[in-house]
Amino acid sequence: MQTNGVQATDAIPNVPLLDVSRSNQEIREEVLQALAEVYDSGRFLFGPAVQELEAEVARISNTRFGVGCASGSDALLLSLMALGVTAGDEVIVPSFTFFATASCVSRLGATPVFADIDPRTYNIDPNDIAAKITGRTRAIIPVHLFGQAAPMDVICKLAAEHEIPVVEDAAQAIGAAYYGRPVGSWGQVGCISFYPTKNLGGMGDGGMLTTNCDILADRLRLLAGHGMRPRYYHSEIGINSRLDTYQAAGLMVKIKRLQGYTLARQKNAQNYIQLFRDRGLAVSEMVEMPYVDSSAHHVWNQFSLRVRDGHRDGMRQYLTQQGVGTEVYYPVPLHLQECFQDLGYSTGYLPHTERAAKEILHLPIFPELTFDEQARVVDCVAAYCSQAVRAAA
Ligand SMILES: *Cc1c(COP(=O)(O)O)cnc(C)c1O
């Protein structure tokens with residue numbers, strides 16, 4: 001393609017959105033050794049690595065307790081179960097998030113009430129939370145989207161005034177903080193995911209709950225184990241949600257390196273912003289850089305570009321043709337999902353959310369991404385932009 005001085009370099013092969021093998025290969029021997037120890041111990045559930053990981057995640061989150069479970073989705077469900085959310089209750093959630101933030105509410109027969117986002121950060125807007133609190137609101141679930149903490153000071157103050165518990169969806173944000181206070185320690189409960197694409201990605205599914213409350217920690221553990229205590233005596237109806245010892249052992253190897261992974265993500269984000277600046281695109285009509293809240297310690301699970309004027313899908317298609325992996329988190333807001341049709345929402349109800357779903361595009365940002373790969377990604381974006389500008393002229 002002919003462009004005005006901006007040429008996508010051909011020297012570097014395809015750039016994947018995410019390549020978990022790069023970090024996994026570096027620690028291969030250490031992980032396999034840890035897995036072999038689990039194998040030989042025969043303690044596939046409740047092995048020592050599970051307690052070690054619980055303690056380590058609690059330490060990072062600055063909470064008294066960590067409770068392992070089978071996934072981030074289960075962590076959310078267990079949180080609401082422990083808080084007693086039930087049929088007829090309402091839970092305020094963002095619509096611009098992964099499905100699990102809201103499905104846990106519906107699973108319990110309660111109603112998700114969708115709030116709009118701050119269009120700069122894409123995180124839930126506290127003003128819209130305030131507008132949606134009713135006498136039936138039983139919980140609020142802010143999501144620390146893309147690795148950037150939601151404004152927890154405002155949200156927790158609002159929730160406390162109404163005596164509503166806060167469950168933090170920190171699935172994308174382990175290690176993030178707001179005003180220096182780690183995510184997962186602001187609300188009554190924090191939910192972390194070890195899904196492979198997350199900042200602390202496991203080798204399968206896994207999750208963790210964080211809390212400072214001993215009563216809640218105990219209840220979460222009880223509910224994650226079929227509400228059974230002692231064995232074969234069930235005081236209430238729980239679920240079966242455990243973190244495997246294999247997962248925990250593999251994650252223990254990775255969690256020691258989490259800070260390094262986070263620093264690499266932060267460096268990659270800076271590199272992108274500099275590269276976009278160098279090409280005159282940091283402040284442009286067509287693309288908008290991610291906004292960083294100065295109170296937030298951002299851990300960059302995702303790098304989101306806002307692509308204006310209906311160019312998002314075209315840009316994505318071009319990047320795909322050039323071998324650059326991208327993703328759209330998330331193309332359909334939850335309030336417009338087919339499964340939530342009976343809640344009666346229609347297009348136009350959450351304007352900032354709906355606009356973000358049309359304009360957002362995510363670029364590769366995993367820790368082992370190289371500078372040359374980033375330059376190639378930005379060159380491709382620049383090439384698309386200048387071609388689009390000329391097409392419009
Ligand atoms: C990944 C994710 C979840 C679910 O975590 P799983 O471990 O995949 O079940 C929940 N909420 C958000 C915002 C997520 O990104």
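## Close-up views of the predicted model

**Figure 1. The largest pocket.** The largest pocket holds about 490 Å³ of space. Its lining consists of 20 residues, and those closest to the centre are Phe46, Arg221, Ala224, Gly225 and Arg242. Three elements, α3 (48-61), β1 (65-69) and α8 (214-224), each contribute at least two residues to this lining. Sorted by class, the lining of the largest pocket comprises nine nonpolar, six polar and five charged residues. The model shown in this and the following views is predicted.

**Figure 2. The second largest pocket.** About 410 Å³ of space lies in this pocket. It has 22 lining residues, with Phe98, Tyr195, Thr197, Lys198 and Tyr330 nearest its centre. Helices α4 (72-82) and α5 (100-107) are the elements that give two or more residues to the lining. The largest share, three residues, is that of α4. By class, eight residues of the lining are nonpolar, eleven are polar and three are charged.

**Figure 3. An edge-to-face pair of Phe114 and Tyr345.** The model contains 17 aromatic pairs. In the pair formed by Phe114 and Tyr345, the ring centres are 5.4 Å apart and the planes make an angle of 65 degrees, an edge-to-face arrangement. Phe114 belongs to strand β3 (111-115), while Tyr345 is in the loop between α11 (312-321) and α12 (351-359); the pair thus links distant parts of the chain, 231 residues apart. Phe114 counts as buried because its relative accessibility is 0%, and the limit for buried residues is under 20%.

Figure 4. Tyr122 has 5% relative accessibility and so counts as buried. Phe146 is likewise buried, at 2%. Both residues are part of one aromatic cluster, formed by Phe96, Phe98, Tyr122, Phe146, Tyr329 and Tyr330.

**Figure 5. Two arginines over aromatic rings.** Arg120 lies over the face of Tyr291, 4.6 Å from the ring centre. Arg181 has its charged end over the ring of Trp186, at 4.4 Å from the centre of that ring.

**Figure 6. Surroundings of Gln374.** Gln374 is part of helix α13 (371-392). Its relative accessibility is 0%, so Gln374 counts as buried. With residues up to four places away in sequence left out, Gln374 touches Asn268, Asn271, Tyr272, Leu275 and Leu369.

**Figure 7. Surroundings of Leu83.** Leu83 is located in the loop between α4 and β2 (90-94). At 25% relative accessibility, Leu83 counts as partly exposed. Leaving aside neighbours within four places in sequence, Leu83 is in contact with Pro165, Val167 and Leu216. The C-alpha atoms of Leu83 and Ala139 are separated by 8.2 Å, although the two residues are 56 residues apart along the chain.

**Figure 8. The buried side of helix α12.** Thr353, Glu354, Ala356, Ala357 and Glu359 are the buried residues of α12. The elements covering these buried residues include β3, β12 (303-307), α11 and β13 (360-363).

**Figure 9. Two cis peptide bonds.** Most peptide bonds are trans. The bond from Arg229 to Pro230 is cis, with omega near -5 degrees. Pro230 is placed in the loop between α8 and α9 (245-255). The bond from Tyr329 to Tyr330 is cis as well, with omega near 10 degrees. Tyr330 lies in the loop between α11 and α12.

**Figure 10. Two residues with positive phi.** Most residues other than glycine have a negative phi. Tyr179 has a positive phi, near 50 degrees, and lies in the loop between β6 (177-178) and β7 (181-182). At 54% relative accessibility, Tyr179 counts as exposed. Asp309 has a positive phi of about 60 degrees and is found in the loop between β12 and α11. Asp309 also counts as exposed, with 59% relative accessibility.

Technical notes. Residues are numbered from 1 along each chain as its sequence is written. This is a predicted model: local features need pLDDT of at least 70, side-chain atom pairs count only at pLDDT 80 or more; totals for chains, interfaces and linings use all residues. Side-chain values use heavy atoms; hydrogens and water are left out. On a 1 Å grid over the protein atoms alone, a cavity is a set of points where a 1.4 Å probe fits but cannot get out, and a pocket is an open set with protein on both sides within 12 Å along at least five of seven lines; lining residues have an atom within 4 Å of a point. Grid points are joined across faces, edges and corners, and a volume is the space filled by probe spheres set on the points. Helices (H or I, at least four residues) and strands (E, at least two) are DSSP runs, numbered from the N terminus. Ala, Val, Leu, Ile, Met, Phe, Trp, Tyr, Cys and Pro count as nonpolar, Asp, Glu, Lys and Arg as charged, and the others, Gly among them, as polar. Rings of Phe, Tyr and Trp (its six-membered ring) pair if their centres lie within 6.5 Å; planes under 30 degrees apart count as stacked, over 60 as edge-to-face and the rest as tilted. Buried means under 20% relative accessible area, exposed over 50%, partly exposed in between (1.4 Å probe, protein chains only). A charge sits over a ring if NZ of Lys or CZ of Arg is within 6 Å of the ring centre and within 35 degrees of the ring normal. Contact means heavy atoms within 4.5 Å.
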